[in-house]
Amino acid sequence: GLHHSRAYSKLALLLDAEGKGEEALPYFRLAAAADPRDANHAFNLGHHLEERGEHDEAATHYKKAIKIDMEHGPALSNYANLLWSHFQDKDNAAKFHQRAVRAHPNDPDVYYNYALFLEEVAQKYDWAKDMLDRAVSKKPTDPAIYLAAAQFYLKRRRDFQKCMELHKAALRCDADHIPSLLSYARFLEFDRRDYKNAAVFYQRAVHINGADAADEAEALGEAARFSADRTGNLELAEEGFKRAIHRSSGKSQQDAQKRATTEATDEEPWPEGIPNANPAT
């Protein structure tokens, strides 16, 4: 039981990291079923389901994780996100975010999630700034946290120096993070009027190999717009827009195929040779 649950969980996480979400899901279910007293297994399953857009079932597994461990910070934080984004329950979302911060005061993701809620939903900007500052102080490895802080300081404080520092911190985490490259390029273009360096970062974003299709399409579109607006090279812009549309269309077709495959069966395929552990129980 316990040994198998750990093996299932490690395999699920490995497959998920490799972008094989469909193959990973049954192993997440097996891990949770093999050891129903492990909050991490329940959380991992909930997180994976949330990423697939299966919000109701994800919430069920987050609640299971919290029931097992009332101070499971990631489960508290993710459940808080769902309470607002999916269930529109602002009051309880705030309460669970606060519980997450108290339970995991050293987790940058917990501060980051609460900061987004405070800024976008509660519109308590001073509190949001405090949470973002705390998140950044924990030296996270996720560039999205630095990027959110950079955009906050630009939008809410007009602090160009802090915005620049945080963009650079994001790119030190991941030099190929397209959202950070594009955000920094737009900052250089529109706020600093530094068109030469803006062009460099737009081009860096365009030339990332193996990028997510949506990110790649956005990079191509932004680079094309920059070419049209700032250089007057309309032929280059036209080519870029066509590539962006093609990339975006390709992603839409892939998503439609995935949905059709998922809807064709009532439940996920179980790995060959592995007994169905009745994950619903």
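Helix 2 and helix 3 run roughly antiparallel to each other. This is a predicted model.

**Helix 2 and helix 3**

- Helix 2 spans residues 21-34, and helix 3 spans residues 39-51.
- Their axes lie 9 Å apart, at an angle of about 150°.
- Angles over 145 degrees count as roughly antiparallel, so helix 2 and helix 3 fall in that class.
- The crossing of helix 2 and helix 3 is left-handed.
- Helix 2 makes the contact through G21, A24, L25, F28, R29, A31 and A32.
- Helix 3 answers with H41, N44, L45, H48 and L49.

**Helix 11 and helix 12**

- Two packed helices are described by the angle between their axes and the distance between the axes.
- For helix 11 and helix 12, the angle is about 165° and the axes are 8 Å apart.
- Helix 11 and helix 12 are therefore roughly antiparallel.
- Their crossing is left-handed.
- On the helix 11 side, the contact uses I178, L181, L182, Y184, A185, R186, L188 and E189.
- On the helix 12 side, it uses Y195, N197, A198, F201, Y202, R204 and A205.

**Helix 11 and helix 13**

- Helix 11 also packs with helix 13, at an angle of about 15° and with the axes 10 Å apart.
- That angle makes helix 11 and helix 13 roughly parallel.
- The crossing of helix 11 and helix 13 is left-handed.
- From helix 11, the residues that meet helix 13 are I178, P179, L182, R186, E189 and F190.
- From helix 13, they are D215, E216, E218, A219, E222, R225, F226 and R230.

**Aromatic rings**

- A pair of aromatic rings is described by the distance of the centres and the angle of the planes.
- The model holds eight aromatic pairs.
- In one of them, the ring centres of Y184 and F187 are 6.1 Å apart and the planes meet at 15°, so this pair is stacked.
- Y184 and F187 sit three residues apart in helix 11 (residues 178-191), which separates them by about one helical turn.
- Both Y184 and F187 are buried.
- Y202 and F226 form a tilted pair, with 5.0 Å between centres and 45° between planes.
- This pair joins distant parts of the chain, 24 residues apart.
- Y202 belongs to helix 12 (residues 195-206), and F226 belongs to helix 13 (residues 213-231).
- Y202 is buried, at 1% relative accessible area.
- F226 is buried too, at 7%.
- Ring pairs also link F160, Y184, F187 and F201 into a cluster.
- K162 lies over the face of Y153, 5.7 Å from the ring centre.

**Positive phi in the loops**

- Most residues other than glycine have a negative phi.
- Q88 is not a glycine, yet its phi is positive, near 55°.
- Q88 lies in the loop between helix 5 (73-85) and helix 6 (90-103).
- R193 is not a glycine either, and has a positive phi of about 55°.
- R193 is placed in the loop between helix 11 and helix 12.
- R193 counts as exposed, at 52% relative accessibility.

**H207**

- H207 lies in the loop between helix 12 and helix 13.
- With 56% relative accessibility, H207 counts as exposed.
- H207 and A219 are 12 residues apart in sequence, and their C-alpha atoms are 9.0 Å apart in space.

**C173**

- C173 lies in helix 10 (residues 160-173).
- C173 is partly exposed, with a relative accessible area of 31%.
- C173 and P143 are 30 residues apart along the chain, but 5.7 Å separates their C-alpha atoms.
- Leaving out residues up to four places away in sequence, C173 touches P140, T141, P143 and Y146.

Conventions:
Residues numbered from 1 in each chain as written. Predicted model: local features only at pLDDT ≥ 70, side-chain atom pairs only at ≥ 80, totals over all residues. Heavy atoms only, no water. Phe/Tyr/Trp six-rings, centres within 6.5 Å; stacked < 30°, edge-to-face > 60°. Helix = DSSP H or I, 4+ residues; strand = E, 2+ residues; numbered from the N terminus. Buried < 20%, exposed > 50% of the residue type's maximum accessible area, 1.4 Å probe, protein only. Lys NZ or Arg CZ within 6 Å of the ring centre and 35° of its normal. Axes fitted to C-alpha atoms, helices over the stretch in contact; angles between N-to-C directions. Parallel < 35°, antiparallel > 145°, perpendicular 65-115°, else oblique. Left-handed = near helix turned anticlockwise from the far one by under 90°. Contact = heavy atoms within 4.5 Å.
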